[in-house]
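User: I would like a close look at one aspect of this model, namely its charged side-chain contacts, with the cut-offs spelled out.

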Amino acid sequence: MLRPFTILAVIIALDIEPTAVRAADTNDLGWRLTVQNTDQLDDHQKIGPGDKLTYRVIEDQDEPRSLTVADSGDLEVPYYGLVHASGKTSMELAKEVKGLLEQRLYYHATVVIAVELVNKTRVNGKVYVTGQVRNRGGYEIPALEEFTVSKAILSAGGFSDFSDKKNVRLIRKTSGGKKTYVINMVDIWEKGKLEKDMAVQADDLIVVPARLINY
């Protein structure tokens with residue numbers, strides 16, 4: 001609910017359209033009436049430029065709006081303004097927007113955001129592969145699939161003849177510093193342990209070392 005009544009009056013006076021998407025356009029969005037808090041939102045898929053999002057504030061009792069992320073990665077949030085959305089999940093963005101709205105307009109806001117349509121032409125940054133592979137370099141991470149260490153190595157042409165497949169290192173930058181994961185690709189490729197095939201993130205570095213004894 002809006003804090004000062006004057007703000008509501010200003011919104012009405014400016015003749016702001018109360019909703020951009022009618023119920024008939026959103027019947028396929030199953031979450032429209034079932035999601036009631038941000039903890040139920042997706043926390044895996046990263047949002048990017050060109051993605052179409054469905055946006056709703058439960059307390060407004062309005063139908064969901066369809067919003068598109070600009071090329072800059074920003075999202076025009078109704079009644080607020082630009083918020084950077086690119087690189088965040090639906091849950092992360094919803095929690096950020098909730099905080100911003102409660103600072104200026106709402107006593108309490110339950111923000112629901114979902115990815116309605118992913119921009120198929122975009123990528124989620126690059127992963128870099130070096131060491132004992134046939135084609136070292138940076139490779140784009142497709143937005144619409146889980147791009148794993150295996151796929152990154154295949155993109156790099158596969159292992160060279162003297163690679164140590166059991167000790168592939170994935171180096172990732174985190175807020176707490178660099179983190180290194182050791183991955184046994186033999187378990188994945190020869191024993192079918194696909195659960196060990198980690199998904200890569202933008203700017204990850206994959207290092208394939210050489211075997212200590214080449215035979």
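How many salt bridges does a search of the whole structure find? Please go through some of them in detail, and then turn to the largest pocket.

Analyst: This is a predicted model, in which local features need pLDDT of at least 70 and side-chain atom pairs count only at pLDDT 80 or more, while totals for chains, interfaces and linings use all residues. Residues are numbered from 1 along each chain as its sequence is written, and side-chain values use heavy atoms, with hydrogens and water left out.

The search of the whole structure finds seven salt bridges, a salt bridge being a side-chain nitrogen of Lys or Arg within 4 Å of a carboxyl oxygen of Asp or Glu. One of them joins the side chains of Glu96 and Lys88, with an N to O distance of 2.5 Å. Exposure is classed by relative accessible area, where buried means under 20%, exposed over 50% and partly exposed in between (1.4 Å probe, protein chains only). Lys88 is buried because its relative accessible area is 19%, whereas Glu96, at 32%, counts as partly exposed.

Another salt bridge links Glu102 to Lys98, at 2.8 Å from N to O. Both residues belong to helix α3 (residues 90-104), where they are four residues apart, about one turn of the helix; helices (H or I, at least four residues) and strands (E, at least two) are DSSP runs, numbered from the N terminus. Glu102 has a relative accessibility of 22% and so counts as partly exposed, and Lys98, at 23%, is likewise partly exposed.

In a further pair, the closest N and O atoms of Lys191 and Asp187 are 3.6 Å apart. Here Lys191 is exposed, with a relative accessible area of 56%, while Asp187 is buried at 9%. Salt bridges with shared partners bring Asp187, Lys191 and Lys196 together in one network.

As for the largest pocket, it holds about 590 Å³ of space. A pocket is, on a 1 Å grid over the protein atoms alone, an open set of points where a 1.4 Å probe fits, with protein on both sides within 12 Å along at least five of seven lines, and lining residues have an atom within 4 Å of a point. Grid points are joined across faces, edges and corners, and the volume is the space filled by probe spheres set on the points. Of the 23 lining residues, His44, Lys46, Asn124, Val200 and Gln201 are the closest to the centre of the pocket. Strands β6 (123-131) and β7 (137-142) each contribute at least two residues to this lining.
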